[in-house]
Amino acid sequence: MIGFLSKKQIKTRTELRARSFDAMAVMILLAQLPHVFHLPIWISVFGAGVVAIKWWNVHHPNNLKLNWVLSSRAAVVLGLLGGVLIKLHFGYFIGRDPCVAFLFLLLGCKFAEARRQSDATTLMCLSGFLLLTQYLYSQSILSALLTIPAVMSLGVALSILNEHSTRSLSNHARLVGRLLIQGAPIAALLFIVFPRLPGPLWSLPEDATATTGLSDSMSPGEIGNLSQSDEVAFRVDFEGTPPDARDLYWRGPVMSNFDGSNWSINKLQADGAIETSNTTADLGNDNSKSISYTVTLQPHNKKWLFALEQASSLPSTGESNAGKFSLNPEIRADKQILSNKPITNIVQYKQSSLMLDRYTPSTRPSAIDLILTGKNSRTAAFADKLFSKHETPMAFAMAVLSWFNTQPYSYTLQPTLLGDSPIDEFMFDTQNGFCGHYASAFVVMMRAVGIPARIVTGYQGGEMNDDYMIVRQSEAHAWAEVFIDGQWIRFDPTAAVAPSRVDYGLAASLPEGEPVPRLARAGNGWIKRASLRWDRVNHGWQRMVVDFNNESQSKFWKKLGAPNPQLWQITIALLALAAAWCMWVLRPSRSAMAPVTEDQKFWRAYSQYLDKLGVSRLPAETGAQLTKRASIELSEHSELIARIGLAFSKIKFEPISNKRKSAIRVQLKRDLKKLASIARRAKTQQIALQTLQGKSSATS
Amino acid sequence: MNQPVLRAEISQLAELSNVVAQLETILLGKRQQIELAVACLIANGHLLIEDVPGVGKTTLAQGLSATLGLPWNRLQFTSDLLPADVIGVSVFNTSTHSFDFKQGPVFTSVLLADEINRAPPKAQSALLEAMEERQVSLDGETYKLDDEFFVIATQNPTDQLGAYPLPESQLDRFLVSIALGYPDSDEERTLLKSGDRRQSIQSLEPVAGPLQIKHWSQAAARLHVSDTVIDYIQALLNESRLGDNGLSPRAGLSLVRLCKAFAYLNGQDHVTADDVQHVFPALAGHRLTGQVKSGAIAAQALLNNVTAP
């Protein structure tokens with residue numbers, strides 16, 4: 001019926017129909033959706049708005065003004081304008097955020113100027129790409145789930161775009177759903193066995209993203225703010241039983257610098273002159289308990305890695321990673337563990353620690369550990385007085401602790417604001433504070449009598465969630481470290497004021513009526529339970545899916561009993577498994593396996609032989625058409641083929657008696673045998689020809 | 001039932017091919033459309049032509065009636081057309097003091113209903129009723145139409161201004177829809193050189209008469225349709241029902257009827273899958289999308305989706 005189609009009609013076929021536009025509008029909006037949560041509002045409105053306007057326009061094509069706005073030229077102008085605005089908004093252009101925002105806008109602009117099928121193809125690819133970029137922001141289960149509707153709509157749009165006749169939406173959805181489900185095992189297979197790049201695929205030059213966490217300076221009140229946050233700092237999987245809560249001191253930044261009110265990291269130490277590794281030697285304490293665990297650290301944009309005091313090994317990200325991708329960790333003289341670059345992705349490392357409250361440094365404490373400004377003179381005078389009553393530094397330290405314990409000091413998250421000499425005011429006037437206050441006051445008093453001391457920040461405690469531990473920002477803590485008899489010894493003055501903070505966590509130690517971070521609250525409310533369950537799912541996702549790296553892969557191979565398979569072995573296994581799956585999916589359905597009549601067998605044989613002879617049957621081709629084509633292409637056998645074709649059309653269509661039909665079938669069978677032998681001969685000839693060619697090329 | 005066409009009918013068939021041949025001399029290069037139009041006539045169906053003015057719709061209608069020796073009328077549908085303009089009107093006769101029925105243009109054999117979608121639905125439905133029932137009811141009286149009542153309706157593409165598109169139920173009354181299309185350049189050249197063909201229509205000799213048309217219809221209806229063909233037609237109907245506008249059982253019946261007529265026209269005594277494929281777009285097109293051209297494309301696509309026997 002080609003006669004019905006003029007050139008103009010063929011052209012209109014490549015133009016997109018309103019139905020295709022509907023499908024693509026939904027697809028684009030769904031692809032944009034996950035980005036709405038992190039893009040600036042105006043970009044979301046701009047990008048999605050263009051799509052919505054175009055969609056409206058498709059159904060109201062008579063609005064001429066809009067037609068102009070949605071022309072190709074206008075789309076280019078819109079795109080450029082968007083680019084300039086993004087540059088102005090972010091201040092830079094090459095980076096994750098502005099580039100994703102730009103892609104977001106361009107997708108809308110491309111949709112606005114879409115006319116033809118080729119535009120639609122471009123849009124599909126762009127949508128798929130935009131969908132992937134959301135993993136630059138988040139790789140959580142939720143974001144993975146958010147992509148499912150978008151992927152689904154992408155498939156449906158593709159299906160609608162390629163439909164020959166108008167089919168219902170549910171028909172398309174079913175088709176796409178079935179294809180996706182059929183493809184899922186192959187995707188899973190590829191996920192597991194496809195050779196992995198060492199290191200995350202998603203690491204990018206970082207943007208200035210704000211993350212909660214410890215900072216490199218501390219004023220006495222600061223950790224209190226952090227304590228209001230339920231965000232997870234890191235998660236820990238212990239090998240063996242986890243230690244008691246009171247022993248869980250996760251060491252973070254160590255602060256020696258003091259300006260009278262703020263503590264900060266010693267820059268000199270931070271930049272160089274560092275003792276690296278080989279720390280087991282100076283810790284060679286035998287009767288202490290060694291413990292191994294794996295930390296899954298959330299990105300915090302700083303270099304430090306957390307470990308229980310006292311770390312006895314360098315964090316390791318796995319043997320196979322060494323050299324290619326690793327944290328290149330080092331342990332500094334003050335026992336801080338640092339990575340060589342800021343942690344901008346979730347990292348996992350193995351760590352072992354000796355559960356000790358003291359260690360022997362290889363270098364003497366520097367003068368910085370004694371710095372005192374003149375600001376807190378009352379405290380200094382008090383320390384002098386107290387020290388004179390005690391003989392040893394140890395006794396003095398214990399005396400200070402008992403001073404905190406016996407005097408009416410209280411532990412609160414809402415301390416009174418402090419002025420110019422914060423330690424003095426805290427010690428003698430307000431007498432309420434948080435861990436930072438007590439640790440600061442303690443260190444100041446130590447330094448006042450000439451004992452080197454410093455602040456250690458980090459996390460204290462953690463909450464077991466079945467088999468792993470969650471450490472949240474609300475567990476942030478500050479304590480003191482004092483140099484006595486050649487060892488740095490941990491003192492936690494907070495424990496002296498509110499022992500329950502260390503034993504039972506934050507909530508137990510706060511007075512009644514104080515705001516407590518939701519998840520730090522004691523008890524077993526359903527919110528907390530649900531939240532813990534969700535965290536477990538997330539942690540599992542993180543461990544099993546996101547962190548599935550080449551190390552986990554080699555573990556998997558080992559489990560299978562085939563360590564270190566070669567690439568070609570993997571490829572063959574992969575192809576075999578995929579092929580097996582495809583065969584199963586495409587297995588003949590029951591209806592196709594139903595008993596076939598003799599005529600159908602003949603018909604199949606006929607198409608098979610012709611196929612071997614190079615004439616494949618097209619799906620909508622009738623027998624007569626196939627016969628005609630075959631007798632033209634295989635002109636030397638045209639007589640035989642025409643005879644067979646005629647027999648078929650007689651059996652199929654003509655009003656003839658059964659007796660004559662069987663007579664025709666006898667002849668047909670004979671003719672089909674002839675055709676079969678022709679097909680066989682053609683095949684052997686072909687093979688012979690190929691080997692001949694192979695030989696001649698080999699000899700030449 | 002299903003008796004093979006007798007050899008004695010071969011002469012009849014020869015006359016039928018003469019009809020096609022004669023029509024081809026006045027409508028150049030449109031054999032396919034002419035065959036479909038004649039097959040439609042044999043199958044007792046009505047024909048819908050959708051195309052722009054000036055491609056030969058009227059010529060086809062006139063030529064058909066002249067060749068078959070049938071009277072014909074032309075009715076131009078306009079936006080102020082009334083049902084009475086189509087079927088006729090009762091006029092008071094002062095001499096007999098009674099109402100006389102004055103027949104409208106439908107009382108003929110071949111009616112060319114030009115630009116049917118320009119008229120409002122009421123006038124359209126007056127004609128469509130006559131098409132379905134082959135009779136006209138007015139003031140309690142029923143007037144029979146010709147047995148060979150055959151409507152060739154033309155329709156402007158519905159995207160033109162001032163068109164009332166025919167609803168699906170009424171489109172269903174048309175057995176076949178075709179688009180004539182512009183002539184190929186060779187044929188157009190011949191046409192331009194030899195001048196307008198309309199004069200030559202006057203000189204056309206009738207090749208057959210109403211009796212023969214009746215005979216052809218009856219003979220065609222007796223053609224053999226094998227189970228294979230029925231299976232194929234069913235597969236096509238089922239495929240069409242996956243979409244929004246599925247083909248009705250009536251459309252399926254019409255398809256069988258048209259296939260028979262077409263096979264008869266080609267001198268066969270049975271229907272083949274090729275016949276089905278040949279007539280399917282013309283039959284299903286306007287039923288699938290409500291338009292002739294896009295419908296033919298959709299129907300062709302539908303054919304491509306179904307495995308042929």
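The report that follows takes up a sheet, a pair of helices and a single loop residue.

## The sheet of chain B

In this predicted model, chain B holds an open sheet of 5 strands in the order β2-β5-β8-β1-β9, with parallel pairing. Because β2 (72-76) and β9 (174-178) of chain B are edge strands with a single partner strand each, one side of each has no neighbour in the sheet. From one strand to the next, the twist averages 20 degrees.

Helix α2 (residues 31-42) of chain B lies across β1, β8 (150-155) and β9 of chain B, and runs at about 175 degrees to β9(B).

## Two crossing helices

The axes of α9 (residues 210-221) and α11 (residues 249-265), both of chain B, come within 8 Å and cross at roughly 110 degrees, so α9(B) and α11(B) count as roughly perpendicular to each other. Their crossing is right-handed.

On the α9(B) side, W216(B), A219(B), A220(B) and A221(B) meet K260(B), A261(B) and Y264(B) of α11(B). This contact has 6 nonpolar residues, no polar ones and 1 charged residue.

## A loop residue in chain A

I371(A) sits in the loop between β12 (358-359) and α12 (377-388) of chain A, and it counts as partly exposed because its relative accessibility is 29%. Beyond its neighbours within four places in sequence, I371(A) is in contact with N257(A), F258(A) and R447(A). G450(A) is 79 residues from I371(A) in sequence, yet their C-alpha atoms are 9.4 Å apart in space.

Terms used
Residues numbered from 1 in each chain as written. Chains lettered and ligands numbered in written order. Predicted model: local features only at pLDDT ≥ 70, side-chain atom pairs only at ≥ 80, totals over all residues. Heavy atoms only, no water. Helix = DSSP H or I, 4+ residues; strand = E, 2+ residues; numbered from the N terminus. Buried < 20%, exposed > 50% of the residue type's maximum accessible area, 1.4 Å probe, protein only. Contact = heavy atoms within 4.5 Å. Axes fitted to C-alpha atoms, helices over the stretch in contact; angles between N-to-C directions. Parallel < 35°, antiparallel > 145°, perpendicular 65-115°, else oblique. Left-handed = near helix turned anticlockwise from the far one by under 90°. Nonpolar A, V, L, I, M, F, W, Y, C, P; charged D, E, K, R; others polar. Pairing = 2+ DSSP bridges.
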